[in-house]
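Student: Got a model open here. Can you walk me through how one of its helices packs?
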Amino acid sequence: MKAIRVHQFGSPDVMRLEECPEPTPNEGQVVVRAHAVGVNPVETYIRSGAFPVKPQLPYTPGSDAAGTVEAVGQGVARIHVGDRVFISGAHSGAYAEQILCGAEEIHPLPDNVDFKQGAAINIPYATAYRALHQRGHALPSEILLVHGASGAVGTACVQLGVAFGMTTIGTAGTDRGAQLVRDQGASHVLNHHEQGYLDRLMDLTNGHGADVILEMLSDVNLANDLTVLGPGGRVIVVGCRGTIEINPREMMMREADIRGVQLPKATPEEKRSIYAALGAGLCGGVLRPIVGREMALAEAPRSHEAVLAPGAYGKIVLLP
């Protein structure tokens with residue numbers, strides 16, 4: 001089979017498409033034939049060597065994909081060859097034609113969700129759910145600001161907020177991205193390139209501000225986020241690419257919180273809760289993964305450039 005392999009940390013071109021042995025499942029493992037593979041920003045940080053936890057070289061990147069079950073190891077009862085599934089992790093890496101997973105990383109893919117959409121589920125939607133509900137403790141009727149709402153995690157956050165009965169406001173940087181956010185049900189969309197756009201947020205909320213802010217670029221926005229929080233508000237840091245100086249007094253005045261999100265920190269019980277909720281939302285059509293761009297598996301280096309480029313629009317998927 002073919003897979004992307006990384007033999008040294010560095011720029012995107014260290015990723016090479018190579019011929020590799022087909023994986024064989026041991027007890028409790030499953031092999032999935034990938035029909036689509038999701039690309040996430042975190043994979044660029046790992047590949048560059050900037051991520052705190054580094055895989056052993058050589059390795060195959062990725063944790064998100066959707067496809068059909070190719071083989072099942074001993075002791076796996078609920079999964080069968082031919083099942084349509086999406087994955088939430090990969091022992092062998094996901095940028096490949098076949099992927100070795102633990103049985104606990106396999107989830108049914110509803111018939112109303114295609115494989116490309118299935119590859120856009122795991123990190124975006126699981127992160128969004130953990131940020132909004134498990135870390136943000138959101139409540140219906142609260143005001144939600146999704147900063148960077150046109151990307152894969154952002155659109156998931158908007159869909160979850162709207163479905164939960166929150167007044168959901170998103171930001172985007174292009175007209176195309178803004179329309180995408182509106183299409184997900186956001187009550188209002190702000191252009192984060194316009195000067196004073198957060199003043200508009202205060203106007204829209206009659207001076208109350210946001211109860212929950214889901215922040216995708218905290219090294220740029222966090223200091224300003226704190227100034228538009230309502231009393232007891234929470235900023236949930238989903239993404240960060242550097243450092244920033246903040247004024248803690250803004251938190252004191254509001255008794256506000258800044259909370260971080262790391263999906264791998266979720267307990268097994270929390271993960272079961274996440275995927276049960278996502279499964280229900282997908283089956284009911286409430287959650288609708290957005291695929292913004294499709295690329296061949298061999299184009300993985302270009303995908304790593306595209307996923308960090310401004311103007312995010314849905315999910316980038318690789319097609320083996």
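This is a predicted model: local features need pLDDT of at least 70, side-chain atom pairs count only at pLDDT 80 or more; totals for chains, interfaces and linings use all residues.
Student: What do the buried residues of H4 pack against?
Tutor: They pack against helix H3 (122-135), strand E8 (143-147), strand E9 (167-172), helix H5 (175-183), strand E11 (210-215) and strand E15 (315-319). Contact means heavy atoms within 4.5 Å. Buried means under 20% relative accessible area, exposed over 50%, partly exposed in between (1.4 Å probe, protein chains only). Helices (H or I, at least four residues) and strands (E, at least two) are DSSP runs, numbered from the N terminus.

Student: Why is H4 largely enclosed?
Tutor: Ten of its twelve residues are buried, so the rest of the structure largely encloses H4. Among them are Val153, Cys157 and Leu160.

Student: What comes after H4?
Tutor: Gly165 follows H4, with a positive phi near 85°.

Student: Switching topic. Which residues touch the most other members of the largest nonpolar core?
Tutor: Ile121, Leu214 and Leu278, out of 37 residues. Such a core is a set of buried Ala, Val, Leu, Ile, Met, Phe, Trp, Tyr and Cys residues joined through side-chain atoms within 4.5 Å.

Student: Which element gives the most to this core?
Tutor: H3, with six residues.

Student: And what is Leu214 in contact with?
Tutor: Leaving aside neighbours within four places in sequence, its contacts include Ala131, Leu144, Cys157 and Ile236.

Definitions and conventions:
Residues are numbered from 1 along each chain as its sequence is written. Side-chain values use heavy atoms; hydrogens and water are left out.
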